[in-house]
Amino acid sequence: MRLLSDVLGWLPSLKMRKILQRCLLPFLLFALVSHAQAEARVFNINIKNGVIPSADRLMRVQKDDQITWRIESNSDGELHIHAYQIDLTIKAGVKKVYSFKAFASGRYRVEWHPESERGLGIHHEDSLALFEVFPK
């Protein structure tokens, strides 16, 4: 507020200063908020028998957010998102942590392939989850 007063101090009219102050302050605040830092987002992905709880099936983030997945499964398999070129081998009972940046906006299918289907080119109708990345 002090900086704004200093900048507007050179204006000759008190009325003009107040008008500009009322117009400039909201604009400056909007500019500061819109350039906020990317968020760090953590998602727990607990796969049991090839599915995760319905409450965890939608992961929404903003572009440039730093994403961390904490993955657990009760069976061996592969977790992947084609568009992000993420292919993670998951071992039963072994926690895996994977971090990446949300670099592309869009809606992406997170797919799970049990060990018995890996390398066979089988794609499921239903995805394990959806990863949605919104532009800033």
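**Salt bridges and burial in a predicted model**

In this predicted model, residues 24 or more positions apart account for 61% of the contacts in the chain with a separation of 6 or more.

Trainee: What makes up the chain, in terms of helices and strands?

Mentor: The chain has two helices and eight strands, and from the N terminus on their order reads α-α-β-β-β-β-β-β-β-β.

Trainee: Why is the pairing of Arg60 and Glu132 called a salt bridge?

Mentor: The term asks for a side-chain nitrogen of Lys or Arg within 4 Å of a carboxyl oxygen of Asp or Glu.

Trainee: What makes the pair of Arg60 and Glu132 a tie between separate parts of the sequence?

Mentor: Arg60 lies in strand β2 (residues 58–62) and Glu132 in strand β8 (residues 129–134), so the pair ties together parts that are 72 residues apart in sequence.

Trainee: How do you know whether Glu132 is buried or exposed?

Mentor: Buried means under 20% relative accessible area, and Glu132 has a value of 9%, so Glu132 is buried. Arg60, by contrast, has a relative accessible area of 47%, and because this falls between the cut-offs of 20% and 50%, Arg60 is called partly exposed.

Trainee: Which residues are linked in a network of salt bridges?

Mentor: Arg60, Arg107 and Glu132 are linked in such a network.

Trainee: Why is Arg107 called exposed?

Mentor: The word applies over 50% relative accessible area, and Arg107 has 56%, so Arg107 is exposed.

Trainee: How do you know that Glu111 and Arg109 meet in a salt bridge, and what are their accessibilities?

Mentor: Their side chains come to 3.2 Å, N to O, and because the limit is 4 Å, the pair counts as a salt bridge. Glu111 has 8% relative accessibility, under the 20% cut-off, and therefore counts as buried, whereas Arg109, at 34%, lies between 20% and 50% and so is partly exposed.

Trainee: What share of the residues in the chain is buried?

Mentor: Buried residues make up 28% of the 136 residues in the chain.

Definitions and conventions: Residues numbered from 1 in each chain as written. Predicted model: local features only at pLDDT ≥ 70, side-chain atom pairs only at ≥ 80, totals over all residues. Heavy atoms only, no water. Helix = DSSP H or I, 4+ residues; strand = E, 2+ residues; numbered from the N terminus. Buried < 20%, exposed > 50% of the residue type's maximum accessible area, 1.4 Å probe, protein only. Contact = heavy atoms within 4.5 Å.
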